[in-house]
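Please examine the chain shown here before reading on.

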Amino acid sequence: MPYIRKIVTVGHPALRKVAKKVDPKEIWDPLFQQLIDDMFETMYAAPGVGLAAPQVDVSKRFFVMDVGEDDDHPDGGRYVVINPKIDLTDEEVEMTEGCLSVPGYVGEVSRFNHVAVSGLDRDGRKIRLEGKGLFAQALQHEIDHLNGVLYIDKAKNVRLPQTKEEEEIAESAAS
Ligand code: NI
């Protein structure tokens, strides 16, 4: 059974390390599969839309994500991306975001509005995810986590939420 892991917060050294690549052979390890299930459980319980392994004190290059439905992903969906690499970007836009490891705050970050990311899924198969808006934002936010980068490093004005919309980002759309 999956269980909820502790999400580490800013100040914890795991958030500042460059995470190590996952050896594809490790994907088949039942403990690795358990970790993925635990990370989904932890993300949904938070609640959040993405969670990177360093946020549960595991310095490995993968994350889980579920931003719900959007135009490009009408079925929504749970995604796991192992050893992700961004291979398409376009223009940058300002987006408001929050982070489960910086609880209660939001800030404005410049993100690519459209990205494609390739990597491996939890079965070790090659995958490529592509999306815009929140989907693209979450992908970039999670990959930053794998590089020891937090959104507060890039954000213009980290602040307590000032509007209902910002509260929702801080409380349920953080990643
Ligand atoms: Ni985060």
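What covers the buried residues of α1? In this predicted model, the cover includes β1 (50–52), β2 (62–65) and β3 (79–89). The residues of α1 that are buried are Phe32, Gln33, Leu35, Ile36, Asp38, Met39, Phe40, Thr42 and Met43. The helix itself runs over residues 30–45, and its 16 residues reach 22 Å from first to last C-alpha, close to the 22 Å expected at 1.5 Å a residue.

Among contacts with a separation of 6 or more, 68% join residues 24 or more positions apart. Of the 175 residues, 49% count as buried, while the accessible surface comes to about 8600 Å², with 52% of it belonging to carbon and sulfur atoms. The chain carries 21 positive and 31 negative charges, whose mean positions are 8 Å apart.

Helix α2 (residues 133–146) is largely enclosed by the rest of the structure, because 12 of its 14 residues are buried. The buried set includes Phe135, Leu139, Ile143 and Leu146, and also the charged residues Glu142 and Asp144. From its first C-alpha to its last, α2 reaches 21 Å, close to the 20 Å expected at 1.5 Å a residue. Just after this helix, Gly148 takes a positive phi of about 75 degrees.

Most residues other than glycine have a negative phi, and most peptide bonds are trans. Against that background, the peptide bond from Ala46 to Pro47 is cis, with omega near -10 degrees; Pro47 is placed in the loop between α1 and β1. Asp57, in the loop between β1 and β2, has a positive phi near 65 degrees. With a relative accessible area of 44%, Asp57 is partly exposed. Asn83 also has a positive phi, of about 50 degrees, although it is not a glycine. Asn83 lies in strand β3, and it is buried, with a relative accessible area of 15%, which falls under the 20% cut-off.

Methods:
Residues numbered from 1 in each chain as written. Predicted model: local features only at pLDDT ≥ 70, side-chain atom pairs only at ≥ 80, totals over all residues. Heavy atoms only, no water. Helix = DSSP H or I, 4+ residues; strand = E, 2+ residues; numbered from the N terminus. Expected span 1.5 Å × (residues − 1). Buried < 20%, exposed > 50% of the residue type's maximum accessible area, 1.4 Å probe, protein only. Contact = heavy atoms within 4.5 Å. Areas by Shrake-Rupley, 256 points an atom, 1.4 Å probe, with all protein chains shown as cover. Charge placed at Lys NZ, Arg CZ, Asp CG, Glu CD.
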